[in-house]
Amino acid sequence: QVQLVESGGGLVQAGGSLRLNCAAFGSIFRIVAMGWYRQAPGKQRELVAAIPSGSSTNYADSVKGRFTIIRDVAKNTVLLQMNSLKPEDTAVYYCNARILTPDWRTSDYWGQGTQVTVSA
């Protein structure tokens with residue numbers, strides 16, 4: 001059993017900052033990758049940022065230079081620092097982790113989602 005627990009999010013004015021945190025708990029052998037997705041009303045869920053094991057990172061073009069993803073491999077956590085927020089960043093943000101469990105299965109797990117609202 002694996003759980004992703006998110007915290008952070010909320011309401012902020014355009015130009016402001018927010019930080020999202022996500023921690024993975026449970027029967028984890030190894031976390032292959034962690035990342036953040038978002039889904040705005042009426043739109044498909046999209047990748048915001050991802051970080052596999054190691055130092056490489058992937059960002060959506062729309063957030064490059066504004067968002068930073070940082071992973072703590074030892075603590076099974078990932079955070080998303082969001083700066084210079086824009087109204088179009090408004091969405092429900094979901095933590096994602098690709099996890100290898102002790103039964104040698106690799107699966108994707110999702111957090112419960114946290115609302116980020118940016119006012120103009």
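Student: Is Trp104 buried or exposed?

Tutor: Keep in mind that this is a predicted model. Trp104 has a relative accessibility of 62%. Exposed begins over 50%, so Trp104 counts as exposed.

Student: Which ring does Trp104 pair with, and what is the class of that aromatic pair?

Tutor: Trp104 and Phe29 have 5.1 Å centre to centre, with 50° between the planes. Stacked needs planes under 30 degrees apart and edge-to-face needs over 60. The partner is therefore Phe29, and the pair is tilted.

Student: How many residues apart in sequence are the parts that this pair ties together?

Tutor: Phe29 lies in the loop between β3 (18–26) and β4 (30–39). Trp104 belongs to the loop between β9 (91–100) and β10 (106–110). The parts tied together are thus 75 residues apart.

Student: Good! What class do the rings of Tyr37 and Trp110 fall into?

Tutor: Their centres are 5.0 Å apart and their planes meet at 65°.

Student: Which charged residue sits over the ring of Trp110?

Tutor: A charged end lies 4.7 Å from the centre of the Trp110 ring. The residue also lies over the face of Tyr94, at 3.7 Å from that ring centre. The residue is Arg45.

How values were computed. Residues are numbered from 1 along each chain as its sequence is written. This is a predicted model: local features need pLDDT of at least 70, side-chain atom pairs count only at pLDDT 80 or more; totals for chains, interfaces and linings use all residues. Side-chain values use heavy atoms; hydrogens and water are left out. Rings of Phe, Tyr and Trp (its six-membered ring) pair if their centres lie within 6.5 Å; planes under 30 degrees apart count as stacked, over 60 as edge-to-face and the rest as tilted. Helices (H or I, at least four residues) and strands (E, at least two) are DSSP runs, numbered from the N terminus. Buried means under 20% relative accessible area, exposed over 50%, partly exposed in between (1.4 Å probe, protein chains only). A charge sits over a ring if NZ of Lys or CZ of Arg is within 6 Å of the ring centre and within 35 degrees of the ring normal.
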